[in-house]
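The sequence and the structure are shown below.

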Amino acid sequence: MPRVARLSFTPVRGLGLTHPESIELTDMGLVEDRRFYIVDDHGRLVDGLRASGLVRVFAETNSGATWLRFTLPDGSVVEGDVRLDEPVRTEIYGRVAIGHVVGGPWAAALEPFIGRPVLLIRSDLPGGTRIKDGETHVRNAISLVSDGSLAELARELGVPSVDGRRFRMLIEVEGADPHEEDTWIGGRVAIGSAVLSITKPDARCAITTQDPDTGERDLDTLRTILRYRGFRPDDEEHKVDFGVLGEVVQPGRIVVGDAVETVAERLAVAPA
């Protein structure tokens, strides 16, 4: 039976991933995940595609995103309470995020990894970089990929293994067949005390070509996935999929090692 192998998130979009032993999912997803994001002086999003060195910085926050801590590559720390300044609206891959500029030392601490002045923004709502303008519901707050899919990609690339961190998924699953998670689309899976609705495949971008420790491009993941999987059928945008997205149907706690069961499987083994 597939089980949770690793959990990954970052409070600041584009920064290095944190790997907790457990997470608490609400109907908004993991509220700490990507609560903050970075923009340049023209208001444009800055993430790993535009500043790959950001993965060398790690962030921590609390559930209310009222406190923030950065750990820099040299071990130095920047931390303190979050002070909100002027409101902003930011276009993020077809969505509009609503938030406020964060005052304090954090933006300046990130500038050496970006090479230009930036602002740090806190979304007004958890999951704010994934909410469409005018909505309050987080769409596709959950992402999941299996070790079987990663092993298949490694075989296609001709490398010993592919680190799942380069896909930046919330949940990594072990003990699954290649792309078994695709068969869960349209259904529900139970993990720990949470139940997830698996809604759609996850369209990938060039961030997957980057080493998750350094941000340097080292694997031709996109062209390889395209070669053996093709574009998403009947999609005019020519999306290349790997892993799946979902939403929280029943909030709950997920712990590394928890079984991943389709809801039908769990019902079948439930005591009478």
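This is a predicted model: local features need pLDDT of at least 70, side-chain atom pairs count only at pLDDT 80 or more; totals for chains, interfaces and linings use all residues.

Helix α2 spans residues 147-157, and its buried residues are Gly-148, Ser-149, Leu-150, Glu-152, Leu-153 and Ala-154. These buried residues pack against β11, β12, α3 and β15.

The sheet itself is open and consists of seven strands in the order β1-β12-β11-β15-β14-β13-β17, with mixed pairing. Strands β1 and β17 stand at the edges with a single partner strand each, so one side of each lacks a neighbour in the sheet. On average, neighbouring strands of this sheet are turned by 40 degrees against each other, direction ignored. Helix α2 packs on the sheet, where it touches β11, β12 and β15, and its direction makes about 55 degrees with that of β11.

| Strand | Residues |
|---|---|
| β1 | 3-7 |
| β11 | 142-146 |
| β12 | 171-174 |
| β13 | 188-191 |
| β14 | 194-203 |
| β15 | 241-250 |
| β17 | 260-262 |

Strands β13 and β14 run antiparallel and are joined by four bridges. Ile-191 has Ala-194 in β14 as its bridge partner.

Helix α3 covers residues 221-229 and contains Thr-221. Thr-221 counts as buried because its relative accessibility is 0%. Leaving aside residues up to four places away in sequence, Thr-221 touches Leu-153, Leu-157, Arg-166, Thr-208 and Thr-209.

Technical notes: Residues are numbered from 1 along each chain as its sequence is written. Side-chain values use heavy atoms; hydrogens and water are left out. Helices (H or I, at least four residues) and strands (E, at least two) are DSSP runs, numbered from the N terminus. Buried means under 20% relative accessible area, exposed over 50%, partly exposed in between (1.4 Å probe, protein chains only). Contact means heavy atoms within 4.5 Å. Two strands pair if DSSP finds at least two bridges between them. Axes are lines fitted to C-alpha atoms, for helices over the stretch in contact, and angles run from 0 to 180 degrees between N-to-C directions.
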